[in-house]
Amino acid sequence: MKQFNTLALVAILFLFGASASAQGTVQGSVTGFDGDALIGVSIGAAGTGKSTSTDVYGKYSLPLPNGTYQINFAYTGFKTATQSVTVSGGAVMLDMRMEASDLTLDEVVISTGSRATQRTITDSPLPIDVLSAKDLQLTGQNSFDKALQYRVPSFNSVNTPVNDATTLLDPYEIRNMGPSRTLVLINGKRKNLSSLLFVQFSPGRGETGVDLNAIPTDAIKRVEILRDGASAQYGSDAIAGVMNVILKDRYEYSTLNLNAGITGEGDGETYGVSLNSGANLSGKGFVNYTLNFTQQESAVRSGTIHIPTEKAIFGGSPAQDAMIDNYLRDFPTGGNINGTGEVSAARFLINGGIDLKENTQLYANAAYVTKKVLSFANFRTPYWRQDRGLLHSPTDNGGKNYITDATLHYASDGVDLYKGYTGYVPTFEGDLTDYNFTTGARNETNGWRSDLSLTLGGNRQTYSVDNTLNADLGKSSPTRFKPGGYGFNHTVGNFDVTKSITDAFNIGFGAEARSESYTIIAGDDASYLGEGANSFPGINAANAGTNSRFNLGGYLDLSYDITKDFLLNGTFRTENYSDFGNANVYKLSSRYKLLNDKIVIRGSYSTGFRAPTLHQIYAQSTQAAFVDGTIQLSGLFNNRSAQARALGIPSLRAEKSTNISVGLGLNPVKNLSISLDYFKIDVDDRIVYSSSIRTAEGDSTSTLFQILKQGGVKTIQFFINGINTSTSGLDYVVSYRNIGLGNGNMNVNLAGNFMLENKIVGSPNEPGPVTDAGSSILSAQIRSLLTESRPEYKSILGLDYTLGKWSFGLNNTLFGPTRFQDLDNGGSIMNHIKAEFEPAVVTDLGIGYMFNDKWSLYVNCNNLLDVLPKWDLVALNAEGSAAIANADDKALLRGFLGFSGRYDILGYNGSQFSQLGRMFNAQLSIKF
C-alpha cells in the first residue's frame, strides 16, 4: 500500500508539472499614441472567454494554456487592436500602443428601434440620436435632463416658475408631446414612472413622467433616443419616441468627480461628488457602480410687484389701497421667494453581469435615489391674508427672516396701516425616493438569442408645509402640516427572442407582463379639514388608497434585407389591460441605401396607443391654484367619482395615435453626415386635464354649482379623453467630425427641430353639464399650454476642439418663440392677446485641461452672455390691439399674467429656457 501511495504521488506530481508546463501568460503594457499608460483597457483571447484589463500603470497579465491566440485590445475612444501570439510555457511579452479612433457614433451598434436585430445608425430605418457620456459632460449642466435640453433639439425641459412638488422633478417632453408620451428604458428595460402628477398651469400639466434626475450622469455610457412612434415594439407611452439609457458596463478605471457651481448673481450654489468604480470578475464578468451626492442652494429671481395690478386684485377701498402702497414701498417684491428651490440628493447605481458559460450570461442593475427639497409658496401679504394672532410674521418668528426688515412707512395721519404685521411665507418640503432593479439571463443556442428578465421599480413622494396655518381651526391650528403624498410601483416581466434565420431575414418575438399600483397617501387631519393648510391643502383621508392594474402584451418583429441596400421591417403588438381592454398596433418601416451608403432614404408608418396612467384615473385632491389674479382652491375629481358621473364624464380609455416619418441621410465624405427627417403624429382621444371650470356669474342652481358647493371649492377639474391633436415638424442633424485644425482636432455639430404644426383638431368633447353652465374643458389657457408652450423651433450649433491636453467646447442654442394665452387671469380680454417670449440664443463655453492621465479639470460657463427670457404682450386682433395701446392698460394686463409682477421674468406659466442667467460650473476629475 505504501508503494502504491508513493507511485500515486509521483503520478500526481507528474501530471501537475505537465499541466503547469502547458500554462503560460501573455503580459505587457498598453499606452496611447502619446505614450501615456491607458487604464482599464479590455484584453481578451478570442474564442476562449478569458480576458483581463490593464491596471493603474497600464500593465496586464493574462494566463493562457499553450497554443496560438488572437489577443484583442479594446478601449473607449481608441481603435480595437488585434495581435497574434503563441504561448508555449512561460511569459510572452506583448506591449500595445493604441491609436485614437475615428469611429463616429453613426457606426455604434444600437439596441433601440428594432426588436429583431441590432443595427448601426446608418443601417437603421428610423431616426435615432446617440449621445456619449462625453457629450453630456460637455454641456456643463449638473443634471441629466438639463444636459439633454442642450444636446437634443426635440427635447425640452425647464424649471417651472411655481415650484411646490415640481421642485422634486421638472416636466420634460420630446416633440411637444408631453412627458407621458416618451418611454424611458434603462438597458432596454422599462423605467418606472414618477408618482407625481403635474397640476400647475405650466407645460406638462396633467401628466406624469420618469424622474430622469434619478439617473446619475456619471453612470451613463450612452443615451439612444428614438425619435419615432414605437408602441408596436415597446408598448404604451412610446407615441413620441423612446429614450434608452445604456449604463457603463465593463470596468476600465475608477473616477472621482468633484463638482461646484454658482450663478452669476452669486446664489444657486451647487456642490457634488461622484464616484464611478467597479471590477472585472476574472474575465468572466464585471461590476460597475456609481455613488453620487449633490446639493443645490436656492436661486431667487423675484419680480417687483406692479402696484396698479395689485390694487386691482386686492384693493378696492382707500384704506386697502393705502396699505398696498405703503407695504410695497417697504417690500417691493412682496416678500416672494421665486426661483429654484433647495435640493439635496444621494444616488446609487450598480450594473453587473457574469458569464455562466460561453453562451449564457446573468445580468442585473439597480438604482436608488433619495431626494429632499425646500421651496416657498407665494408670500401672504397682510392685505391678502389677515392671519394676525394665528401665525407670527417672519420678522419675529424664531429668527425665520423670510422677508427683509425695513423701516415701516405710515399714512399721512401717522397710522401704521398694517400695524407691524408683515405677513408670512409658507414653505414646501418634499421627500422623494426612487428605485429600480432588473435581473435577467441572456442565452444563445443555435443562433437563437433569448433574454428573460424581471424589473421592479417605484417612486414615493411625501410632503410637508411649514410656517402656515389652517384658518378654519383658529388658534388651535398647527403651523406645520403633513399634507400626504403619492406612490407608484411596477413589476415587469419580459421574455424576448431573436434569430437570424438567414443573413437577410431576422425574426424577433416576445411577451411582457406588467402590474402597476398607485397609492394616494392621506395627510394629517389638520392639513385638509375645512380650508386646509393654507398654500398646500392636504389629501383627504376619503381620497386615499391604493389602486392597481395588470396588463399582458406580446409582439412579433420581422426584418428582411431584400438586398444589401433595401430593408423592410414590420412589427405587430397586442396588449390587454385589466382596466380598459385590448390594444392592437403595428409598425412598418423601410430603408434604402444608394451610392455605397452615401445616401440613405428611410420612412415608417405606425399606429400606437397610450394607456391612461393610474394617476390620471384615480387622483383626487384639492389644489391651491392661480385664478382671477389670486390663489383659490380648485378640486380635482377623478372620473370614477360621483361628481364626475353627475357631470357626464365617461371612464378614461386609451389614446390612439398614428405616426408617419420620412427621412434622408447623407454621408458625402468621411466624417460628414447629414440627416433630415419629417414627422407627423396624430393622437385621437387625447387625455387632457381640464381647465378650471366654474359656474357663470349668479348661477346657483346648476349641477356644476351644487358640485362646487359640496366640495368647498371655487373651480373643478378632471381628466377626460377630450381632444384630437396633430403635430408635425422637421428634425435635422449635420455632423462633421475629426477636422484637422492646426495641431488640433475639431468637431462641428448642427442639430435642430422645427415645428410645422401643433394643433387641436376639431372641437373638444364637452360634457353637457359643463356647457350648460357656460364653461368649457378647454380654456384659451389650456389650448395654449398644449399647442404653443414649448419653443416653435430650437437649434444647437456646437464646436468641440481638442489641442493636446486642452479641450474647448462652444455651444449656441437658439430657442424659438414660446407663447402663452391666459383666459383665467385678467378676464375675457385675454382671448385677444398673448404673452410671447422672444427668440433668444444661449451661449455656453467650456474649457478643459488634462494635467496628466489621471487628473483633469473642466470649467464651463453656461449662458455666457447672461441672456434672460424676454416676453411681451402681443395682440391677436383689433380688440387686442386696442387693449394694449395704452401703456398703463398694457402694464395692468401684463401684471395679471405674472401675479402682479411677482413672476415677471418667466410669467406664471413658464418660458423657453432657464431664468437664472449666467452660471459657472467646474469639475475636477481624478482617475485611479
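Mentor: Rings of Phe, Tyr and Trp (its six-membered ring) pair if their centres lie within 6.5 Å; planes under 30 degrees apart count as stacked, over 60 as edge-to-face and the rest as tilted. Here, ring pairs join F314, Y327, F331, Y383, W384 and F899 into a cluster. This is a predicted model, in which local features need pLDDT of at least 70 and side-chain atom pairs count only at pLDDT 80 or more, while totals for chains, interfaces and linings use all residues. Residues are numbered from 1 along each chain as its sequence is written, and side-chain values use heavy atoms, with hydrogens and water left out.

Trainee: How many aromatic pairs does the structure hold?

Mentor: There are 29 aromatic pairs in it. Take Y577 and F609: the ring centres are 6.2 Å apart and the planes stand at 80 degrees, so this pair is edge-to-face. Y577 belongs to strand β30 (residues 566-577) and F609 to strand β32 (residues 599-610), so the pair ties together parts 32 residues apart in sequence. Strands (E, at least two residues) and helices (H or I, at least four) are DSSP runs, numbered from the N terminus.

Trainee: Are Y577 and F609 buried or exposed?

Mentor: Buried means under 20% relative accessible area, exposed over 50%, and partly exposed in between (1.4 Å probe, protein chains only). Y577 has a relative accessible area of 2%, so it is buried, and F609 is buried as well, with 3%. For another geometry, look at F837 and W871: their ring centres are 6.2 Å apart and the planes are at 40 degrees, so the pair is tilted. This pair also links distant parts of the chain, with F837 in strand β43 (residues 833-837) and W871 in strand β46 (residues 871-875), 34 residues apart. Both F837 and W871 are buried.

Trainee: Which residue has its charged end over the ring of F899?

Mentor: A charge sits over a ring if NZ of Lys or CZ of Arg is within 6 Å of the ring centre and within 35 degrees of the ring normal. For F899 the residue is R902, whose charged end is 4.1 Å from the ring centre. F899 is also one of the members of the ring cluster. In a second case, R442 lies over the face of Y363, 3.9 Å from the ring centre.

Trainee: Now to charged pairs. How many salt bridges does the structure hold?

Mentor: The model holds 45 salt bridges, each a side-chain nitrogen of Lys or Arg within 4 Å of a carboxyl oxygen of Asp or Glu. One of them joins D496 to K189, with the closest N and O atoms 3.9 Å apart. D496 sits in strand β27 and K189 in strand β15 (residues 189-190), so-called distant parts of the chain at 307 residues apart. Both D496 and K189 are buried. Strand β15 also holds R190, which is linked to E512 in strand β28 (residues 505-521), 322 residues away. The closest N and O atoms of the R190 and E512 salt bridge are 4.0 Å apart, and both residues are buried.

Trainee: Which residues do salt bridges with shared partners join into one network?

Mentor: The network is made of R190, D237, E512, R514, E516, R549 and D579. For another bridge, see R819 and E836, whose side chains meet at 2.9 Å, N to O. R819 is in strand β42 (residues 818-820) and E836 in strand β43, 17 residues apart. E836 is partly exposed, with a relative accessible area of 24%.

Trainee: How do I read a helix by burial? Which residues of α10 are buried?

Mentor: In helix α10 (residues 703-711), the buried ones are L704, I707 and L708. They cover an arc of only 95 degrees around the axis, which puts them on the same side of α10; the arc is that of the directions from the helix axis to the C-beta atoms. The face turned away from that buried side carries the exposed residues K709 and Q710.

Trainee: And the backbone: what is the phi of N467?

Mentor: Most residues other than glycine have a negative phi. For N467 the phi is positive, near 60 degrees. N467 is in the loop between β26 (448-466) and β27 (480-500), and is buried, with a relative accessible area of 2%. N671 is another non-glycine residue with a positive phi, about 75 degrees. The loop between β35 and β36 (672-689) holds N671, which counts as buried at 19% relative accessibility.
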